[in-house]
Amino acid sequence: MIFQNHLLNMYGKCGSLSDARKMFDEMLERNLVSWTSIIAGYSQNGQEKEAVDLYFQMRQCGLIPDQFTFGSVIKACSYMNQVELGKLLHGHVIKSEPGSHLIAQNALIAMYTKFSRINEALAVFLRIKSKDLISWSSMVAGYSQLGYELEALSCFREMLGRGIYKLNEFIFGSVFSACRSLAQAEYGRQIHGLSIKFGLSFDAFVGCAVTDMYARCGWLRSARTAFYQIGNPDLVSWNALIAGFAYGGDPEEAISLFSQMRTLRLTPDDVTVRSLLCAFVSPSALFLGKQVHCYVIKSGFDLEISVSNTLLSTYANCSDLPDAYKIFNEIQNKADLVSWNAILTAFLQQSESGEVFSLFKMMLLSSNKPDHITLVNMLGASGKVASLEVGDQVCCYAMKNGLSEDICVMNALIDMYVKCGNMTSSRKLFDSMKNPDAVSWSSLIVGYAQFGYGEEALDLFQKMRYLAVKPNQVTFVGVLTACSHVGRVKEGWQLFRAMETEFGIVPTREHCCCVVDMLARAGCIEEAEAFINQMELDPDIVMWKTLLAACKTRNNLDVGKRAAEKILEIDPSNSAAHVLLCNIFASTGSWKDVASLRGLMRQKGVKKVPGQSWIEVKDRIHVFLAEDCMHPKRDRIYSMLDELWLQMLDDDYLPLHI
């Protein structure tokens, strides 16, 4: 039997399961080692169900598992992602004396980590009396993988404090991953020094993790230094460095590293190409992106859907929508959910809401089912064109398919209803949320502020502070806008000053613009101008336009002239500045100045940008410009306008001065 058990173990480790099973079935006698060997063979070779079935057959034979049996079957269960089965096996471990051994306990920690059950993993970990390196490594890895980065670093520090010094490359990989996610390169640098002390600086696994950590934190020089310390960097290490420079916004260096790697006769894989493509995120980088696209076609990587999806996103990020759509058309037959979401996002970013709706209808006819990202795109498009009907349909779809539990979808729904002017529905959705985040609160506050419900916006902000929800930049845009609309200048000033001191939010131009609007609405035109001139930030055109518009309302010619001059310094052909200044001259009776300014506009060729509006009729969105003559039904539209005009004249609805 001993010889047969050795053969069973050999067949399992060599992946020859058919031979192992044949021998196992022919054995006249089987002991615990026999069962454990065949269970381990199936578990190690990706046939987890068979491993679990054999475990229960063994139990029926009256055999008591040992720690090695538990280790193999728990590992198989973890890959099956069956939580209830895992809990059952955990119960068997607790009832069994061999279950107290480290192999079984460590396997349970790894299993619960796979199940994303960090609390259960911690409970097992805390009950282990004598923890070994695998116990600590499993716990640190679990914390790091599941997004508990601070806990991972704390666990690592506690491990060192307990005198566990025989560290390996895997635990360093988990710790560096945690530092990367926290963007704490300084912590990573200290741990890097510790890895050098343990003689692991030349290890490819550790070197790759260090390189990736430094690169993702923006320490590109340190990333390069760590990379060149690796004894023999493999493809994974090169990919980490290339990805670091790509995500760090240095496409030229990423291309250079890619060329160096090829010079060393290392063959790039799809990860290399996708990482490289992520470097091209602006129109100025489009030329380099197209060069990589040529390499992709030449090497046959375009046949892989993940690479095609990255190409699509690259062209979209570089504002080349036609080529992005061309790539989508080429892969449409094999397009996955990522492909559809990428093209929807591309059209939404370019404000092509009509195309977003059309693509979504096509997507519903495909085999791909919309997810939360799809719905967020659809709701964004609905909000852009104030299409309440489409937004309602998306809301119903989200509720019906269980996607309304997703916080991103709920926030997008609130934002869509706000942009469509339906504050009742947005508030109802907000009140139905169990744990609204800062985005949820901010969307509603901004909505109330924009639609003139300033008191409601400020009350909501006070409630947000009472519940200890930390406001963000958008929150203060809404709050300052609310203060502006209800004339609470003193309170607005206090909140503006408290942004940085109390909440750690550095005011942006948008916040400063809100302050200008608040002062100007209250009639404090000179104070608003002084605030702009004293700002640390360079005032933009929006800020001066806000002041100029207030000058028109208050008939303040002096400040209005200065504001218009500032606007024209930034944009000499700005039509809004000319028109507003004309209106100020007209309101003060300065008709000579009006004539002079209009003559100057004609001389410069400045024309007022026509207003644009849209209306949704029977699932179709119609877009109009002022004095539009291009609409296919323009004759019927203008005929109806003439009828309305005559009716207004008959009913004396028109003011006398028109």
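Let me begin with serine 351, which is found in the loop between helix 21 (337–349) and helix 22 (353–365), where helices are DSSP runs of H or I with at least four residues, numbered from the N terminus. Before I go on, please keep in mind that this is a predicted model, in which local features need pLDDT of at least 70 and side-chain atom pairs count only at pLDDT 80 or more, while totals for chains, interfaces and linings use all residues. Residues are numbered from 1 along each chain as its sequence is written, and side-chain values use heavy atoms, with hydrogens and water left out.

Back to the loop, then. Most residues other than glycine have a negative phi. Serine 351, however, has a phi near 60°, which is a positive value in a residue other than glycine. With a relative accessible area of 48%, serine 351 is partly exposed; buried would mean under 20% relative accessible area and exposed over 50%, with partly exposed in between, using a 1.4 Å probe and protein chains only.

Which other residue has a positive phi although it is not a glycine? Alanine 468 does, with a value of about 65°, and this alanine is found in the loop between helix 28 (454–466) and helix 29 (473–486). Because its relative accessibility is 67%, alanine 468 counts as exposed.

Now to the charged side chains. Side chains of opposite charge can pair when their charged atoms come close. The structure holds 16 salt bridges, each being a side-chain nitrogen of Lys or Arg within 4 Å of a carboxyl oxygen of Asp or Glu.

In one of them, glutamate 186 meets arginine 189 at 2.5 Å, N to O, and both residues lie in helix 12 (residues 185–197), 3 residues apart, about one turn of the helix. Glutamate 186, at 32% relative accessibility, counts as partly exposed, and arginine 189, at 43%, counts as partly exposed too.

Is aspartate 212 buried or exposed? At 13% relative accessibility aspartate 212 counts as buried, whereas arginine 216 is partly exposed, with a relative accessible area of 40%. These two residues also belong to a network of salt bridges that links Arg180, Asp212 and Arg216.

A further salt bridge is formed by lysine 290 and aspartate 323, at 4.0 Å, N to O. This pair links distant parts of the chain, since lysine 290 sits in helix 18 (residues 286–299) and aspartate 323 in helix 20 (residues 321–331), 33 residues apart.

Finally, let us turn to a pair of helices. The axes of helix 25 (residues 407–419) and helix 26 (residues 423–432) come within 7 Å and cross at roughly 160°, the axes being lines fitted to C-alpha atoms over the stretch in contact, with angles running from 0 to 180 degrees between N-to-C directions. The two helices are therefore roughly antiparallel to each other, a term for angles over 145 degrees, while under 35 counts as roughly parallel, 65 to 115 as roughly perpendicular and the rest as oblique. The contact, meaning heavy atoms within 4.5 Å, includes Met410 and Leu413 of helix 25 and Leu429 and Phe430 of helix 26.
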